[in-house]
Amino acid sequence: MHLNTARAICHDCAIRLASLMKQIILAMLKAALEKAHAHGKLKSIPTMIGLEAPRDPAHGDIATNLALAMARSEGQPPRAIAEIILEHIVLGHQVLEARAAGPGFINFRMAPAFWQGEIRRAMRDGAAFWRPQIGDGRKVQVEFLSANPTGPLTVGHGRNAVLGDTIARLHEATGYATTREYYFNDGGRQMKLLGESVRARYLEELGREVSFPEDGYQGDYIRDIAHALKESRGDELADQGDLEPFRTAAVDAIFADIRKTCARLGVRFDVYTNELDLIRGGAVDAALAGLRERGLIAEYEGAVWLRGEPLGLPKDAVLVRKTGEPTYRTPDIAYHIDKLKRGFDLIIDVFGADHIAEHNEVIAAVRALGHDTASIRAIIYQFVTLTRGGEKVKMSTRKATYVTLDELIDEVGADVVRFFFLFRKSDSHLDFDLDLAKRQAPENPVFYVQYAHARLASVFREAEKAGYQRPAPDADADLALLSDEELGLAKLAVGLPEVIEAATIELEPHRIPFYLLELAGEFHRYYNKPANRIIGADQSLTMARLYLAALLMDALRNGLQLIGVNAPERM
RNA sequence: GCGCCCGUAGCUCAACUGGACAGAGCAUCGGACUUCGGAUCCGAGGGUUGGGGGUUCGAAUCCCUCCGGGCGCGCCA
């Protein structure tokens with residue numbers, strides 16, 4: 001179904017893996033399996049091989065559950081199969097050892113020279129190393145945010161913006177031709193209501209008695225727009241019947257604000273698609289006609305309905321109101337067909353949990369119209385709550401107590417907003433702890449990670465005073481001098497590409513901040529031991545350690561860049 | 001009532017997508033500075049992974065069921 005998974009790997013595509021270690025081990029296992037099979041020791045050769053990093057480092061660098069998985073079909077105990085495989089393995093110079101362990105795992109330990117080579121490769125190849133090119137130029141579209149321009153972005157929109165943007169960044173970085181798209185509804189009822197709200201405030205500004213529209217937009221920003229309109233146009237709009245100037249003024253002003261807020265977070269879009277163009281282009285009518293042809297339309301109570309039953313949906317859903325206006329989902333069906341026709345290999349929709357039902361309806365309708373929707377993937381996030389002083393901050397639009405995204409950025413800064421929004425699985429509710437977010441202390445994960453980077457930068461400043469240059473990739477450093485602890489740090493650092501690969505394929509950007517926190521933690525622990533002073537009396541050792549430090553800094557910087565968080569040299 | 005998501009340490013969450021003794025941070029308690037930035041580190045306590053069944057060599061992860069929370073459930077988006 002999906003491109004790949006992190007664990008079970010088809011060994012013919014091993015060459016595509018971010019991890020050279022996995023490529024090597026897979027090739028070795030494949031060769032061993034074939035040899036054992038040829039010798040009649042094994043009945044068959046599995047097509048998928050599971051590889052995983054053992055939790056306990058004492059178990060080596062990488063392990064396979066191959067023997068466990070084969071036990072049933074081979075009719076032998078796992079340990080016996082493991083021994084057969086081991087008999088046919090040729091280690092070579094890069095793999096130090098392979099041994100059977102536990103219930104039937106085969107554990108591998110790579111040679112120090114292999115890791116030294118990986119460190120050099122990372123330093124030499126730079127971005128090409130850190131960002132595995134798994135996309136092959138395939139076309140991806142990420143549709144996100146897609147908030148209608150009816151008011152300022154809320155905290156909830158923030159999670160969408162950061163999630164979508166980071167998913168786009170991940171795909172861009174890994175070799176996908178990525179389009180970031182913002183879709184909004186400007187044809188419907190809400191826009192009309194927005195225009196009416198502005199007109200009412202405008203007339204108020206002119207001192208006239210007016211009744212504010214029911215369900216109108218009450219926020220102060222409407223007054224600001226109306227005020228600006230009075231400043232620029234005087235009273236010339238007062239007695240003409242056209243709503244359009246108010247609507248346009250509102251949409252323009254609000255969109256400008258939305259873009260400004262996005263820019264503060266480093267979020268940008270390539271394409272804005274609006275409902276009105278789809279309607280004018282006939283796409284919405286065409287979708288409706290297609291559904292009607294297929295008998296998927298019902299008409300009653302004055303409205304046009306999408307029939308739920310033949311589509312496997314729990315209920316009918318309104319497509320066209322009795323007023324003749326389409327509902328949100330109708331142009332959305334046309335929009336998804338449009339996206340499919342544009343030839344993307346992968347279409348990613350980012351939206352909140354409250355839209356699940358609507359999305360299901362849209363996809364069902366699109367499929368019923370004869371389109372293959374397999375390339376569409378949805379990333380659905382749960383809601384955001386704010387906590388301050390252990391109390392939930394009430395966010396209600398109605399009571400105007402809601403916190404806007406801008407206010408949140410004002411309070412804690414863009415880096416913290418981005419990091420915190422990504423620091424949860426999208427399936428999980430996100431509790432944004434404002435007290436923690438504002439703390440400039442190690443318990444704040446953002447500062448903890450950034451501090452690791454700044455600390456390394458400081459080491460290089462210090463090293464320069466002692467006459468050392470920042471090591472070039474081909475620097476004369478003897479990496480064999482590195483201790484096991486240092487090699488462990490390096491292993492973690494060169495594991496970043498795999499994390500990026502998994503985060504991209506699984507659409508799970510939260511893996512990046514978690515990884516960064518771990519790397520920063522390992523570094524801080526290492527750094528704090530007096531025996532590990534990087535700049536010391538031994539010049540060769542100093543060189544080796546500076547080389548390692550440069551590697552760590554590269555990993556931290558690349559990871560932070562990918563999630564749009566600054567990697568400061570000083571804090 | 002129905003559908004989707006969630007339930008893991010006192011709190012907020014991870015767990016490489018079915019693997020080896022379930023891990024972090026916060027909070028609590030106790031420690032470490034003539035340090036390349038202490039914005040850091042070390043140690044301790046804390047768990048029947050909501051309960052119960054099942055599948056499997058192996059389950060926090062998959063299935064069933066119950067309990068609890070969130071979201072949604074025809075003319076908002």
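Predicted model: local features only at pLDDT ≥ 70, side-chain atom pairs only at ≥ 80, totals over all residues.
## Charges across the chain

Lys and Arg are counted here as positive and Asp and Glu as negative, while His and the chain ends are left out of the count. Each charge is placed at NZ of Lys, CZ of Arg, CG of Asp or CD of Glu. Chain A has 69 positive and 79 negative charges on this basis, and their mean positions are 3 Å apart.

Residues are numbered from 1 along each chain as its sequence is written, chains are lettered from A and ligands numbered from 1 in the order in which they are written, and side-chain values use heavy atoms, with hydrogens and water left out.

## The overall picture

Let's start with the whole of chain A. It contains 21 helices and 16 strands; these are DSSP runs numbered from the N terminus, with helices being H or I over at least four residues and strands being E over at least two. Along the principal axes, the C-alpha atoms of chain A fill a box of roughly 85 × 65 × 40 Å. The accessible surface of chain A is about 26100 Å², and carbon and sulfur atoms account for 50% of that surface. Such areas come from the Shrake-Rupley method with a 1.4 Å probe, and for residues only the protein chains shown count as cover.

Of the 571 residues in chain A, 51% are buried. Here buried means under 20% relative accessible area, exposed means over 50%, and partly exposed is in between, using a 1.4 Å probe and protein chains only. Contacts (heavy atoms within 4.5 Å) also tell us about the fold: among those in chain A between residues at least 6 apart in sequence, 72% join residues at least 24 apart.

## Four domains

The domain assignment divides chain A into domain 1 (8-110), domain 2 (139-184 + 266-381), domain 3 (189-263) and domain 4 (441-562). Bounds of this kind come from an automatic or database domain assignment. The C-alpha centres of domain 1 and domain 3 lie 67 Å apart.

Leu-507 sits in the loop between α19 (496-505) and α20 (511-527). With a relative accessible area of 7%, Leu-507 is buried. Leaving out residues up to four places away in sequence, Leu-507 touches Ile-167, His-171, Ile-348, Arg-377, Ile-379 and Ala-502.

Ser-197 belongs to helix α7 (residues 189-205) and is buried at a relative accessible area of 0%. Beyond four places in sequence, Ser-197 touches Phe-212, Pro-213, Gly-216, Tyr-217 and Ile-222. Thr-330 is part of helix α12, where Thr-330 is buried at 2%. The contacts of Thr-330, with neighbours within four places left aside, are Val-284, Leu-288 and Leu-319.

## Salt bridges

Side chains of opposite charge can pair when their charged atoms come close. A salt bridge is counted when a side-chain nitrogen of Lys or Arg is within 4 Å of a carboxyl oxygen of Asp or Glu, and this rule gives 40 salt bridges. In one of them, Glu-172 pairs with Arg-268, with the closest N and O atoms 3.3 Å apart. Glu-172 lies in helix α6 (residues 155-173) and Arg-268 in the loop between α9 (244-264) and β8 (271-274), so the pair ties together parts that are 96 residues apart in sequence. Glu-172 is partly exposed at 30%, and Arg-268 is partly exposed at 42%. Both take part in a network of salt bridges that also links Asp-165, Arg-169, Arg-180, Asp-270 and Arg-418.

Another salt bridge joins Asp-349 to Lys-339, with closest N and O atoms 2.8 Å apart. Asp-349 is in strand β12 (residues 346-352) and Lys-339 in helix α12 (residues 329-341). Asp-349 is buried at 1%, as is Lys-339 at 0%.

## Two positive phi angles

Asp-136 is not a glycine, although its phi is positive at about 50 degrees. Asp-136 is found in the loop between α5 (127-130) and β6 (139-143) and is exposed at 55%. Glu-301 also has a positive phi, near 50 degrees. Glu-301 lies in the loop between β9 (297-300) and β10 (303-306), and at 65% relative accessibility Glu-301 is exposed.
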